[in-house]
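The following exercises concern the structure shown below. Each task is followed by a solution in steps.

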Amino acid sequence: QVQLVESGGGLVQPGGSLRLSCAASGPIERVVDMAWHRQAPGSQRELVASITRGLITHYADSVKGRFTISRDNAKNTIYLQMNSLESEDTAVYYCRAQVVTTTPAMIDSWGQGTQVTVSS
């Protein structure tokens, strides 16, 4: 089965930076769109940033200018560079990928989430 494994979360002070990574593995023919979502306590999960296979990016207004999503197609991996972090960025960050498997089938796969806490 396809698995997404996130890493890079942690505790950081306001104004600091973190870099998240997400690697897809398993019976993958091709990874199409990938994205980062986040969910804060008591809130709905929201899209943070997305990137197509052709490297077209989209950002939520709340993170524009502070976060950068990037991708390595050869490694089926995406990254989220987060700068100028604010307390409002505190959430569990989830990786999502649209994957064409070797079956073939198109599936939507999610990672297990990584906690990002911004606090002094």
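A disulfide is a pair of cysteine sulfur atoms within 2.5 Å. The model is predicted, so local features need pLDDT of at least 70 and side-chain atom pairs count only at pLDDT 80 or more, whereas totals for chains, interfaces and linings use all residues. Residues are numbered from 1 along each chain as its sequence is written, and side-chain values use heavy atoms, with hydrogens and water left out.

**Exercise 1.** Determine how many disulfides there are, and describe where the cysteines lie.

*Solution.* Step 2: its partners are Cys-22 and Cys-95, with an S to S distance of 2.0 Å. Step 3: the angle about the S-S bond is -80°, and the link of Cys-22 and Cys-95 is left-handed. Step 4: Cys-22 belongs to strand 3 and Cys-95 to strand 9 (residues 91-101), 73 residues apart, and the pair thus links distant parts of the chain. Strands are DSSP runs of E with at least two residues, numbered from the N terminus. Step 5: Cys-22 and Cys-95 are both buried, a term for under 20% relative accessible area, with exposed meaning over 50% and partly exposed in between (1.4 Å probe, protein chains only).

**Exercise 2.** State the strand order of the open sheet, and explain which strands stand at its edges.

*Solution.* Step 1: two strands pair if DSSP finds at least two bridges between them. Step 2: the open sheet has four strands in the order 1-3-8-7, paired antiparallel. Step 3: strand 1 (3-7) and strand 7 (67-72) each have a single partner strand, so one side of each lacks a neighbour in the sheet. Step 4: strand 3 (residues 18-25) and strand 8 (residues 77-82) are joined by six bridges in the antiparallel sense. Step 5: Leu-18 is placed opposite Met-82 in strand 8.

**Exercise 3.** Find how many salt bridges the whole structure holds, and examine the one between Arg-38 and Asp-89.

*Solution.* Step 1: a salt bridge requires a side-chain nitrogen of Lys or Arg within 4 Å of a carboxyl oxygen of Asp or Glu. Step 2: the search finds six salt bridges. Step 3: in one of them, Arg-38 and Asp-89 meet at 3.0 Å, N to O. Step 4: Arg-38 is in strand 4 (residues 28-39) and Asp-89 in the loop between strand 8 and strand 9, so this pair ties together parts 51 residues apart in sequence. Step 5: both Arg-38 and Asp-89 are buried. Step 6: a network of salt bridges links Arg-38, Glu-46, Arg-66, Glu-86 and Asp-89.
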